[in-house]
Amino acid sequence: MSFVPLEIEEYCIHHSTHPSKVAKDLMHFTRSSVHGSNMLIGEMEGSVLKFLIKLGRVKTIIELGTYTGYSALVMAEALPDDGKLITIDLNPETSKIAQSYWDQSPHGKKIQLILKPGLQALETLKGEYDLFFIDADKNNYPNYLQWALRHLSPHGLIITDNTLWSGKVLKSGVDKQTDSIREHNEMARLLEGYTKTLLPIRDGMYLIQKN
Ligand SMILES: C[S@@+](CC[C@H](N)C(=O)[O-])C[C@H]1O[C@@H](n2cnc3c(N)ncnc32)[C@H](O)[C@@H]1O
């Protein structure tokens, strides 16, 4: 889902930093051959993530929701050489595709995959991280946000994807996933000591930064 007309989005993409050839190949392969490819963040959101990673001098990232590894790869491309990205997913088939493309990129060495359900994987992690990208099962969005808030480095950033959910978030009681995203958004709205903005980029990117 995109809230911006396609031709406007294409113009924006044309004038933004582009992903690498490996990332482009991965996107084309996913779109042509993998079920559920509308889940990909795509080029527009990818360029925004890259910009924020550079701007915030981010060195450590946790991503929830790897899928075929596109968002992990574009984020890794923006990290410094000693940067690290941990990405979590429970699907071994899509993770295998992800690994095969990361192996073709010089930035792949920054990425570590944990193949487990999100909450179980987070239990194995300690320390603080500069950026959380939340893009896995919507029913756990409030839990992922709570975990991220407890493990955010000073001035760290949380970015939660699909927070407009094709506009369904405007009403309560639509379905369980929508209510869970609404709960996440309300939690974020009420946070004190953070700067927040919900951007209508693609399906909604909620940016939450510790003051
Ligand atoms: C929207 S896709 C991620 C897209 C990816 N960030 C990208 O843009 O390239 C969501 C992913 O979450 C994963 N997922 C679903 N439930 C999960 C869970 N409980 N724990 C971890 N991952 C889960 C799915 O297997 C799927 O690959």
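**Strand pairing, core packing and the ligand shell**

Leucine 199 has methionine 205 of β7 as its bridge partner. The structure described here is a predicted model, in which local features need pLDDT of at least 70, side-chain atom pairs count only at pLDDT 80 or more, and totals for chains, interfaces and linings use all residues. Residues are numbered from 1 along each chain as its sequence is written. Helices (H or I, at least four residues) and strands (E, at least two) are DSSP runs, numbered from the N terminus.

Strand β6 (residues 194-199) and β7 run antiparallel and are joined by six bridges. The hairpin that they form has five residues between the strands, and arginine 202 there takes a positive phi near 45 degrees. β7 (residues 205-210) also pairs with β5 in the antiparallel sense, over five bridges. Within β7, isoleucine 208 stands opposite isoleucine 158.

Isoleucine 158 leads on to the core. A nonpolar core is taken as a set of buried Ala, Val, Leu, Ile, Met, Phe, Trp, Tyr and Cys residues joined through C-beta atoms within 7 Å. For burial, C-beta atoms are placed from the backbone: a residue is buried if 20 or more other C-beta atoms lie within 10 Å of its own, exposed if 12 or fewer, and partly exposed in between. The largest nonpolar core has 54 residues, of which Leu73, Met75, Leu131, Ile134 and Ile158 touch the most other members. Helix α4 (residues 70-78) gives the largest share of this core, with seven residues.

Leaving aside residues up to four places away in sequence, isoleucine 134 touches Leu64, Tyr141, Tyr144, Leu145, Ala148, Ile158, Thr160 and Asp161. Helix α7 (residues 141-150) has Tyr141, Tyr144, Leu145, Trp147 and Ala148 as its buried residues. Seen down the axis of α7, these fall within an arc of 165 degrees, so they line one face of the helix; the arc is that of the directions from the helix axis to the C-beta atoms. They pack against β1 (60-64), α6 (118-123), β4 (129-134), β5 (152-161) and α8 (176-190).

Isoleucine 53, found in helix α3 (residues 42-55), is buried, with 26 other C-beta atoms within 10 Å. With the same exclusion of residues up to four places away in sequence, isoleucine 53 touches Val58, Met75, Ala78, Leu79 and Leu131. The C-alpha atoms of isoleucine 53 and leucine 157 are separated by 9.3 Å, although the two residues are 104 apart along the chain.

The ligand is surrounded by 18 residues, the closest being Met39, Gly65, Tyr67, Gly118 and Asp137. At least two residues of the shell come from each of α4 and β2 (84-89).

Most residues other than glycine have a negative phi. Tyrosine 67, in the loop between β1 and α4, has a positive phi near 55 degrees and counts as buried, with 24 C-beta neighbours inside 10 Å. Histidine 155, in strand β5, has a positive phi of about 65 degrees but counts as exposed, with 12 C-beta neighbours inside 10 Å.

Conventions
Contact = placed C-beta atoms within 7 Å. Near = placed C-beta within 6 Å. Pairing = 2+ DSSP bridges.
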